[in-house]
Structures are given as C-alpha cells and as structure tokens.
Amino acid sequence: MTTTNLGTIWAPSIECAPVQDLRQRQAASFQSMMVRVRSVPFYRGRLEGRLTESSLPKLADLDQLPFTTKEDLREGYPFGFLACDREELVELHASSGTTGKPVVVAYTAEDIQTWKAVMARTMYATGVTRSDVVQNGYGYSLFTGGLGFHYGAAEIGANVVPVSAGRTDLQMLIAEDLGATILCCTPSFALYLAGEAENAGRPLQNTRLRIGLFGAEPWSEEMRATIESKIGLIAFDVYGLSEMIGPGVAFECAVRDGMHINEDIFFPEIIDPDSGCVLPEGSTGELVLTSIGRQAFPLLRYRTRDLTSFVPGLCECGRTLRRMRRIIARSDDMLIVAGVNFYPSQVESLILGVAGTTGHYQIWLSTRDLRDHIEVKIEAEPGSGGVLDREQIAAVVAGRLRDNIGIRMAVSIVDPGALDKSVMGKAKRVFDIRGEK
Ligand SMILES: [Zn+2]
C-alpha cells in the first residue's frame, strides 16, 4: 500500500509497475492461460491444431485469434468453458440473461483471491479505508455485484453492511443510524434512493456518506454531478462484467480521468465492432477482453459490446495501468429512429440537470402512421410548478434533443412517481414497442 498526494494505491508493485515489466508479466500470464485453454472443450474445438505444446499462440499473436461472444458462452452452457475440474470450484455465479439460459461463471479459490485483490485496488483508489462503513447496495445473488464489492471491502478491512439491492427504507436507516460512509450500488438506484430520502424529508446529505462506487450500467457525467449534489458525496465509476470476474475490471482513481484497467488480469483491446479489426490508440470502439489472470473460466478475446476508447498517456496518480473512458453505451443499446443512430446515454446527458425535474426518464419508441415515433418522459420534481411550467420545460428539452441528436422527440413531463424506477438494480429506460399492436 502506498499513499500519494493523489490518493492511495493498494498494490503499487503492480499498479505502478514500469510498463515494460507489466507487458512481460502479461505475456507470461497469457502463456499460462493458453495452457489452461487447452483443457476447455469449446476452445479445443475452435482452435483445433493451434494448441499443441510447440505451437501455443503468444500474446503478440492475439489479433490472429478468434473472438468469443455471448452466444458462444450460451452454447457452452453450463460448463463448456471450464478450464479445471469441478472439484476445484469454490463459487459459481451467473450473468443476468434476458433471453435464454444465463452464462455460468466459475471461480477457483485462486480466482476468488484475484477478485478480492482487484476489488481492493478499486475501492482503495477511491479512498475507502478500514475505518469506513460500506453500505453495499448491490444485489447479493447470482449477480456478481454484491459479493464483488463485499470481497473488496473485506480485503481492505472496512466494515461491510450487506444490505443488498432495493428496500429503500432499510437503506435510509443504514445510512442514518449505522453511519455508513461508502455507498455501493447502481447509479440509477443511487438517484432513486436520493429522491426517496428527499421526499421523506430525510435527505442523504445529512448522513456521513462521503464516497459512492457506482457501476453495472452505463451512466453519464451529468448523472454523476446530479448524484453527487443530491447525496453529498464523491462518485466514482466502476467497471466490470460477470463474464470476466464481476466488478473489478477497471476503476477510477482520484484524478477521475478515465478508468484504470486491471490489465495484469484482463488484457484489453479496442476493435471496430463491424470489421473486428483492432483500432489505433485513442479511437472509440468495442472493448474486447482476454482474462489472462483467470483460472476456472479463461476467456479469449471476449466481445463485451461496451463502447469506449483508451485514454492516451500516463495518469497523474502514478499508476501505469492503461485507462479507458467511461462506457458511452453498449453497442446493443444503439437506437435507430427515423434513420438516425443514437444512444440512450446521449439523451440522458441532455435531460439531466433540467430545473424542475428529478433526472428519472424513460424513452418510448412506437410506430404511428407507419413512422417511428419517439417520446421522452421525464419525471417532475415534487412540488414543482403547474401545467404551464411543465410545458415550458418540455419545450426547452425537446429543442435541446432536436439540436443535439437531430430528430424530433415528443417530450412530456410526468407526475412525480409516475415512472417505474430501478428498485432492484439496473434501470430499464428504453421501451421499444415498434411493431407491436
Ligand atoms: Zn490514475
């Protein structure tokens, strides 16, 4: 552990290693991974003939190797990607699948140690110490959020309160009575909780909460500013995905200019999502990860569908781990309306912070007279003005959306509480009922 004027570093020998050393370490980890991959049924088939003792691919050849997709993982359900004996497993999780079977993610004891280490780095970088009380509002379930943050906080020696997702009253009580200083949950739940606390006349600004670790869904800088002012804390972005390990793939340091990737464990590439070619440094594309430091469940060139870019240069904090920008969106989330492509997060950044609204919104796509129709519903702040005011706000927002995204969207300001909110975790914001009668 090291303390600098730009915060604290949990594992300086890795996080601040000379870049050359890190590259050597990655190359060696990749070689060990390829040995493990030989026992994975899926890769034995996919890489036939390329996994003999003498011809194991090297990290430098990574771009010659095939991708692994979510569909591949579904095909391999439940244990087609396992690189060890079942007896070696100590934990199983599953990704939340909206369609079909989930993806089963397996961990050996060593994987759990790795998870603890990357989460300790993540949380320590934001300023979590052993004196903190961590209110862990991520779901404790097959979802990796709950246990991931739990492991990180416990590794640091902080006091974890495993409240899990939802249960607003209990969350407020923990923040008020147990003196929670750290809040971990999805950004949409943080916003919801802040609003409920405000409505109940018990604003979270009156609690000791000082740091928030938010992730598991794309969110914007504007959302960060809104949450920070509503709760009175400093908000950090955390990135991860179950297929890799859960939370702990990348994290923000005190500088908050991109997220450092734990690249001794997860080797990143950014590709053109259409051609599959690796893009030059600095370009925006799809993040592809190879879990070079995982034992039970090593994935080669996994297509995350998350869009980002690398941040050039070294960070002021002293870490040498490469940084990536906040996830703009998942490529699957792209909306195409009347021939225009855009992401829900673009809408979010244009509507947050509008006076008289809470920041909760929904985007509804439908078909009217055989044409795409898009309506953005935004929740009014309790006690805010009457119908006339709402019409004025809607007109301002509609103008902003039209000028920045390039299409007309109907905007309506709805009553407080009229929108279904994120109570258990990730918010559903887009409702596409085009083609439905
Ligand atoms: Zn940094």
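This is a predicted model: local features need pLDDT of at least 70, side-chain atom pairs count only at pLDDT 80 or more; totals for chains, interfaces and linings use all residues.
**Helix packing and buried sites**

Biologist: How many of the eight residues of α10 are buried?

Modeller: Buried means under 20% relative accessible area, exposed means over 50%, and partly exposed lies in between (1.4 Å probe, protein chains only). Pro 344, Ser 345, Val 347, Glu 348, Leu 350 and Ile 351 of α10 are buried. The helix is therefore largely enclosed by the rest of the structure, and the count is six.

Biologist: At roughly what angle do the axes of α10 and α11 cross?

Modeller: Axes are lines fitted to C-alpha atoms, for helices over the stretch in contact, and angles run from 0 to 180 degrees between N-to-C directions. α10 spans residues 344-351 and α11 spans residues 387-405. Their axes come within 10 Å and cross at roughly 135°.

Biologist: Which residues of α11 make the contact with α10?

Modeller: Contact means heavy atoms within 4.5 Å. From α10 come Gln 346, Val 347, Leu 350 and Ile 351. From α11 come Val 397, Arg 400, Leu 401, Asn 404 and Ile 405.

Biologist: How many residues in the contact of α10 with α11 are nonpolar?

Modeller: Ala, Val, Leu, Ile, Met, Phe, Trp, Tyr, Cys and Pro count as nonpolar; Asp, Glu, Lys and Arg as charged; the others, Gly among them, as polar. Two residues of this contact are polar and one is charged. The nonpolar count is six.

Biologist: Are α7 and α8 parallel or perpendicular to each other?

Modeller: Angles under 35 degrees count as roughly parallel, over 145 as roughly antiparallel, 65 to 115 as roughly perpendicular and the rest as oblique. Helix α7 (residues 168-177) packs on helix α8 (residues 187-199) at about 80°, with the axes 10 Å apart. So they are roughly perpendicular.

Biologist: Which residues of α7 meet α8?

Modeller: The α8 side supplies Phe 189, Tyr 192, Leu 193, Glu 196 and Ala 197. The α7 side supplies Thr 168, Gln 171 and Met 172.

Biologist: How far apart are the axes of α5 and α6?

Modeller: Helix α5 covers residues 109-126, and helix α6 covers residues 145-156. They pack at about 75°, so they are roughly perpendicular. The distance between the axes is 7 Å.

Biologist: How many residues in the contact of α5 with α6 are nonpolar?

Modeller: Among the α5 residues that meet α6 are Trp 115 and Met 119. Among the α6 residues are Phe 149 and Tyr 151. The contact holds two polar and two charged residues, and the nonpolar ones number eleven.

Biologist: What is the relative accessibility of Asn 262?

Modeller: Asn 262 sits in the loop between β11 (259-261) and β12 (267-271). Leaving out residues up to four places away in sequence, Asn 262 touches Val 118, Arg 121, Thr 122, Gly 248, Val 249, Phe 251 and Leu 321. Asn 262 counts as buried, at 0%.

Biologist: Is Asn 341 buried or partly exposed?

Modeller: Asn 341 belongs to strand β19 (residues 340-342). Not counting residues up to four places away in sequence, Asn 341 touches Met 334, Leu 335 and Ile 336. Its relative accessibility is 45%, so Asn 341 is partly exposed.

Biologist: How far apart in space are Pro 57 and Val 35, C-alpha to C-alpha?

Modeller: Pro 57 lies in the loop between α3 (41-46) and α4 (70-75). Pro 57 is buried, at 7% relative accessible area. Pro 57 and Val 35 are 22 residues apart in sequence, and in space the C-alpha distance is 9.9 Å.

Biologist: How many disulfides does the structure hold?

Modeller: A disulfide is counted when two cysteine sulfur atoms lie within 2.5 Å. Cys 84 is buried at 17% relative accessible area, and Cys 253 is buried at 0%. The number of disulfides is zero.

Methods. Residues are numbered from 1 along each chain as its sequence is written. Side-chain values use heavy atoms; hydrogens and water are left out. Helices (H or I, at least four residues) and strands (E, at least two) are DSSP runs, numbered from the N terminus.
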